[in-house]
Amino acid sequence: MTQDGVHVHGSSGPPVLLLPGGAEACEGFFPGLAEGLADCRVIVHDRPGTGAATDGGSLADAAAHLNALIDRLGFGPVVVVGQSLGGAVAVLLARDHPENVAGLVLLDPTPINDPRTCATLERVARATGKIASLPGPRHLIAAAMPALTARTARGLRPDCAEALRRNGRLDFTVLARAVDGITELSRGLREADLPQRPSAVVTADRKPTAPIRRAHARLATAFGAPLLCWPGATHNVHLDHPDETLTTVREVVAQVR
């Protein structure tokens, strides 16, 4: 059904809010997840500045916008599922509006609790966005991305491979705008301010000493969540481990029930 311009899969059950990575559109970003949560109300929405949204928005405004959306729908509190930058937004939403967050599943989230990593991310994204705005580099990137995503998609479930190919056509200038301000937000975040909730933090298969892995471990501790790491999991863990992702979301929903 569509309510207030937002697509909601399902008409009853616990509400689940999906937050995709980067500035990607939400529809189709998590293959099979809405269908696997048939007993839930799954909220599919492109916040301002992302996906097909026509109005601009910033990362700093994301939590307030989503909180207002949840209130408008009358669905709160919700279980929030966020991947990459969507995971960082989920953390900010839980910190700023804990009354509207019943649980969280963070899928290799951007480490909003690690200012050094966020500063590097923002700097690289800004530089890449500038380069990609030039005609020559833009055409080279556009030509290279299909081959790169095709190699990465080998062995994935067909719907996951298609999602990876679609998301591989990203606009680096849009991505740079999406992460703008993340360093300042990260510096202002205290892990002690995060609420304990039924939750899970999934990290990619990195070395235990990797800064992102350590940041994810701290997030898990702050939320009172297990830190999950599946063999071979990449940053796109929702695509290379879709069944485990669905199981994890269902487990958190069950805890919230």
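The largest cavity has a volume of about 70 Å³. A cavity here is a set of points on a 1 Å grid, laid over the protein atoms alone, where a 1.4 Å probe fits but cannot get out. Grid points are joined across faces, edges and corners, and a volume is the space filled by probe spheres set on the points. Searching the whole structure turns up one cavity of 30 Å³ or more. The residues lining the largest cavity are L19, P20, G21, G22, E24, H45, R47, T50 and L66, where lining means having an atom within 4 Å of a point.

Before going on, the basis: this is a predicted model, in which local features need pLDDT of at least 70 and side-chain atom pairs count only at pLDDT 80 or more, while totals for chains, interfaces and linings use all residues. Residues are numbered from 1 along each chain as its sequence is written, and side-chain values use heavy atoms, with hydrogens and water left out.

Now the open space. The largest pocket holds about 960 Å³; a pocket is an open set of points with protein on both sides within 12 Å along at least five of seven lines. It is lined by 39 residues, and those closest to its centre are S84, L170, L175, H235 and N236. Helices α4 (115-132), α5 (135-153), α6 (158-167), α7 (172-179), α9 (211-223) and α10 (237-240) each supply at least two residues of that lining.

Buried means under 20% relative accessible area, exposed over 50%, and partly exposed in between, with a 1.4 Å probe and protein chains only. D108 is another non-glycine residue with a positive phi, near 40°. Its place is the loop between β6 (101-107) and α4, and at 1% relative accessibility D108 counts as buried.

Next, the strands. How many residues of β3 (residues 15-19) are buried? Five of its five. P15, L17 and L19 point one way from β3, and V16 and L18 point the other way. In a regular strand the side chains alternate between the two faces of the sheet. β3 pairs in the parallel sense with β4 (residues 41-44) over three bridges, and L17 stands opposite I43 in β4. Two strands count as paired if DSSP finds at least two bridges between them. β3 also pairs in the parallel sense with β5 (residues 78-83), over four bridges, with G82 in β5 as the bridge partner of L19. The peptide bond from G76 to P77 is cis, with omega near -5°.

On to the helices. α9 has 13 residues and reaches 19 Å from its first C-alpha to its last, close to the 18 Å expected; the expected span is 1.5 Å times one less than the number of residues. Its buried residues are R213, A215, H216, L219, A220, A222 and F223, and they pack against α3, β6, β7 (199-202) and β8 (227-228). After α9 comes G224, with a positive phi near 70°.

α11 (residues 242-256) has 15 residues and reaches 21 Å, close to the 21 Å expected. Buried in α11 are P242, T245, T248, V249, V252 and V253. These residues lie on the same side of α11 because they cover an arc of only 135° around the axis, the arc being that of the directions from the helix axis to the C-beta atoms. T247 is also found in α11, but it is partly exposed, with a relative accessible area of 41%.

Last, S186, in helix α8 (residues 182-187). Is S186 buried or exposed? S186 is buried, at a relative accessible area of 1%. Leaving aside neighbours within four places in sequence, S186 is in contact with P111, I112, N113, D114, P115 and C118, contact being heavy atoms within 4.5 Å. T247 and S186 are 61 residues apart in sequence and 30 Å apart in space, C-alpha to C-alpha.
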